[in-house]
Amino acid sequence: AGSTVATAGAFSDFHVKLDRDDGDQYLGDLNFRMPPGFTGDLRGISYCPEAAILAAANRSGSDEKAAPSCPASSFVGTSNVAAGPGSHPFHAFGRMYLAGPLNGAPLSLAAITPALAGPYDYGNVVVRVGLHIDPLTAQVTAVSDTLPQIIGGVAIRMRSIEVNIDRQNFTINPTNCEPH
């Protein structure tokens with residue numbers, strides 16, 4: 001995990017990748033604490049409405065891929081989920097959107113991934129991530145919903161989850177590395 005630009009106080013993309021090998025525990029609930037001082041500029045970003053997120057969960061993957069349910073103004077990044085055994089897992093690519101409150105968190109992300117495998121369309125996998133914000137330090141802790149283990153009757157074994165928060169002028173690096 002980390003920023004793509006190392007300059008203090010600068011806008012930078014943020015990248016997180018979680019992997020597991022064959023035989024390791026399956027990925028389930030994911031929690032991630034951002035570095036102290038790492039923040040985001042919410043100006044000009046709308047929330048993806050709850051109705052759009054619910055609609056995405058009930059659409060076909062091909063429809064979602066062709067015309068996303070959430071407005072472009074709420075787009076903040078992409079995801080790449082690899083599933084399956086061995087050295088050549090299947091990859092599914094999704095989009096990340098800023099959304100409103102979730103489970104006590106003031107903000108959230110909605111990860112919407114079309115589950116398309118060749119001619120098979122299993123709809124969309126929607127995973128929400130609550131963004132809890134410490135009121136004293138503004139440090140963000142991301143807490144995901146439980147990741148699905150079965151899609152369309154098929155057991156999936158996620159190998160990796162990669163998230164790229166790459167909306168231009170959105171995430172901002174901390175201004176220094178001094179202890180607080």
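Which helix and strands each supply at least two residues of the lining of the second largest pocket? Select helix H2 (61–66), S6 and S7: each of them does. Helices and strands here are DSSP runs, numbered from the N terminus (helices are H or I with at least four residues, strands are E with at least two).

Before going further, some ground rules. This is a predicted model, with residues numbered from 1 along each chain as its sequence is written; local features need pLDDT of at least 70, and side-chain atom pairs count only at pLDDT 80 or more, while totals for chains, interfaces and linings use all residues. Side-chain values use heavy atoms, with hydrogens and water left out.

**Stop 1: the second largest pocket.** Select Glu64, Lys65, Pro68, His91, Ala92, Phe93, Gly94, Arg95, Tyr97, Ile112, Pro114 and Leu116 to show its lining. A pocket is an open set of points on a 1 Å grid over the protein atoms alone, where a 1.4 Å probe fits, with protein on both sides within 12 Å along at least five of seven lines; lining residues have an atom within 4 Å of a point. The volume is about 240 Å³, counted as the space filled by probe spheres set on the points, which are joined across faces, edges and corners. S6 gives the largest share of this lining, six residues. Colour by type and you get seven nonpolar, two polar and three charged residues (Ala, Val, Leu, Ile, Met, Phe, Trp, Tyr, Cys and Pro count as nonpolar, Asp, Glu, Lys and Arg as charged, the others, Gly among them, as polar).

**Stop 2: Ser69.** Now pick Ser69, in the loop between H2 and strand S5 (75–83). Its side chain makes polar contacts with the side chains of Arg59 (2.9 Å) and Glu64 (2.5 Å). A polar contact is a pair of N or O atoms within 3.5 Å; within protein, one must be able to donate a hydrogen and the other to accept it, and residues adjacent in sequence count only if both atoms are side-chain atoms. Leaving out residues up to four places away in sequence, Ser69 touches Ala52, Ala55, Ala56, Arg59 and Glu64, where contact means heavy atoms within 4.5 Å.

**Stop 3: the sheet.** Show the strands: nine of them form an open, antiparallel sheet in the order S1-S2-S12-S5-S6-S7-S8-S9-S3. Strands pair if DSSP finds at least two bridges between them. Strands S1 (2–3) and S3 (31–33) are at the edges with a single partner strand each, so one side of each has no neighbour in the sheet. Moving to S5 and S6, eight bridges join the two, and Asn80 stands opposite Phe93. These strands form a hairpin with six residues between them, and Gly84 in the turn has a positive phi of about 115°. S6 then pairs with S7 over five bridges; look for Ala99 and its partner Ser108.

**Stop 4: the largest pocket.** Its volume is about 1100 Å³. Among its 48 lining residues, select Met96, Ala111, Val129, Ile161 and Val163, the closest to the centre. S7 gives the largest share, eight residues. What does the lining hold by type? It divides into 41 nonpolar, seven polar and no charged residues.
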